[in-house]
Amino acid sequence: MKQTLAAQKLLHSWKKLTSGSTNRQIFGAAVTVALMTALVKVAAAGKELVVAWKFGTGDELDAFLIALLVPSFIINVVAGSFNAAFIPTYIQVREKEGVEAAQRLFSGVIVWSLGLLLITTILMVVTAPLYLPWIARGFSSEKLGLTFRLLWVIAPVVLLDGVVVIWVALLNAGERFALAALSPIITPVISVIFLLICSSWGIFALAGGLLCGAVLEMVVMGVALKRQGISLRPRWYGFDPHLRQVAGQYAPMIAGAFLMSSTNLVDQSMAAMLSPGSVAALNYGNKVIAFPIGLMATGLGTAVIPYFSKMVACKDWTGVRYTLQRFLFFIFMVTVPLTGFLFLFSEPIIQVLFQRGSFTPEATRLVAQIQAFYALQIPFYISGILVVRLISSIQLNQILMWASGFNLIIDISFNYLLTKYMGVSGIALSTSIVICFSFGYSTYCLLSVKKITPKLI
């Protein structure tokens, strides 16, 4: 009884804290998403520990990561760009014209997105003999053959995860953050089950877990949307002004996402040209860094865009300025000390987490160095998410397209220069340099827009 009363008081205090002002609502949504994301990250970390135990930094894992590279690239570019292009227009239509008009917009956009995903999946598989040998130039013929087979198994994930990303965007637009943030926990859990039960499959157990997890995620999201009264049936109502508005923002977003995602493609392919195990080492070096980045960036980025979109639609520039300044200050206060800790204690962290089985002390030293350089990006990455979401809410996504183009050029240049002297660790340092530049450039462009500048500074 006492525990129930305490829980009720805690819940009441939480509702009081996160209701009222827009900033409080954003904070509540961000914390909710961050907590759910933390659970997902814990599950993902558990999966990585099992993967490290099973495969170390060997050839099988290298082949899997390269096979997954292009599908992940397509999902990020085609489906990942959808959120920033769709949510501001969807909220505007829903608020001004009603739920039915918003449903028509969603139905039309999902037809368009599904078409893009299907076409890109087919092209990805058909053209694999052309691009995989180029990406994995350092692979032996046997290792490259394994990469081809893994790509065939993984290919349906593009369509499945693409649909999930689109449906999650719709849930977030309706400020239904918790389930959308928690659903990705399904894939790492299923992957661990496959790795433990189907160990005789080798690396294909990891691919099977990825595929089955994507199916289950899609089912969960579909049920959630149906309960919200949203029709999932794709219908085409013509290329109306609202759809043209989404397309106008989607084009620069997809171009920007293509260029930005290319940096990861470049990093992985350049790592594949170095000594064996470099691709796996680069990925392990980003695992710990990805946890705080994913936690804060996902929580804040997911929560803030619906509220930014509402404030922009209402021309509440005072609210926009206040929210931007307060959250930027908070981000740097939290992330700068965290960055210092991860940089200084990188090797003990890697030793505790990964050094067992096939993961040797030599691998620990290399991965720790990579992790330390990756850590430098944290304050600028999280702050950049806030700036990028505001740019998307104002529907100035062409800024992001130009920023992504510059990022790719800088990434290639510094990768080439730094790997000569630092090996695979230079790729991690190059990434942090790119993120720092991206934050500075995007912020400068945002504050340079004439109709925005008087409102934000």
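A cavity is taken here as a set of grid points where a 1.4 Å probe fits but cannot get out. In this predicted model, the structure holds one cavity of 30 Å³ or more, and the volume of the largest cavity is about 40 Å³. The lining of the largest cavity is formed by R104, L105, G108, Y237, G238, D240 and L243, a set that comprises three nonpolar, two polar and two charged residues. Helix α4, which spans residues 99–126, gives the most to this lining, with three residues.

Helix α12 (residues 278–313) and helix α13 (residues 317–344) have axes that come within 12 Å and cross at roughly 180 degrees. Because angles over 145 degrees count as roughly antiparallel, α12 is described as roughly antiparallel to α13. On the side of α12, the contact is made by V288, I289, P292, M296, L300, F308, M311 and V312, while α13 contributes W317, G319, V320, T323, F327, I331, V334, T335, L338 and L342. The contact of α12 with α13 has 15 nonpolar and three polar residues, and no charged residues.

Helix α12 also packs with α15, the axes of the two helices coming within 8 Å and crossing at roughly 50 degrees. The two helices, α12 and α15, are therefore oblique to each other, and the crossing in which α12 passes α15 is right-handed. In this contact, A281, L282, Y284, G285, N286, V288 and I289 of α12 meet L366, V367, I370, Q371, Y374 and A375 of α15. Divided by class, the residues of the contact of α12 with α15 are 10 nonpolar and three polar, with no charged residues. V288 and I289 of α12, listed in the contact with α15, are likewise listed in the contact with α13.

The residues in contact are S346, E347, I349, I350 and Q351 of α14 together with T364, R365, V367, A368, Q371 and A372 of α15. The residues of the contact of α14 with α15 divide into five nonpolar, four polar and two charged.

Definitions and conventions: Residues are numbered from 1 along each chain as its sequence is written. This is a predicted model: local features need pLDDT of at least 70, side-chain atom pairs count only at pLDDT 80 or more; totals for chains, interfaces and linings use all residues. Side-chain values use heavy atoms; hydrogens and water are left out. Contact means heavy atoms within 4.5 Å. Helices (H or I, at least four residues) and strands (E, at least two) are DSSP runs, numbered from the N terminus. Ala, Val, Leu, Ile, Met, Phe, Trp, Tyr, Cys and Pro count as nonpolar, Asp, Glu, Lys and Arg as charged, and the others, Gly among them, as polar. On a 1 Å grid over the protein atoms alone, a cavity is a set of points where a 1.4 Å probe fits but cannot get out, and a pocket is an open set with protein on both sides within 12 Å along at least five of seven lines; lining residues have an atom within 4 Å of a point. Grid points are joined across faces, edges and corners, and a volume is the space filled by probe spheres set on the points. Axes are lines fitted to C-alpha atoms, for helices over the stretch in contact, and angles run from 0 to 180 degrees between N-to-C directions. Angles under 35 degrees count as roughly parallel, over 145 as roughly antiparallel, 65 to 115 as roughly perpendicular and the rest as oblique. A crossing is left-handed if the near helix is turned anticlockwise from the far one by less than a right angle, and right-handed if clockwise.
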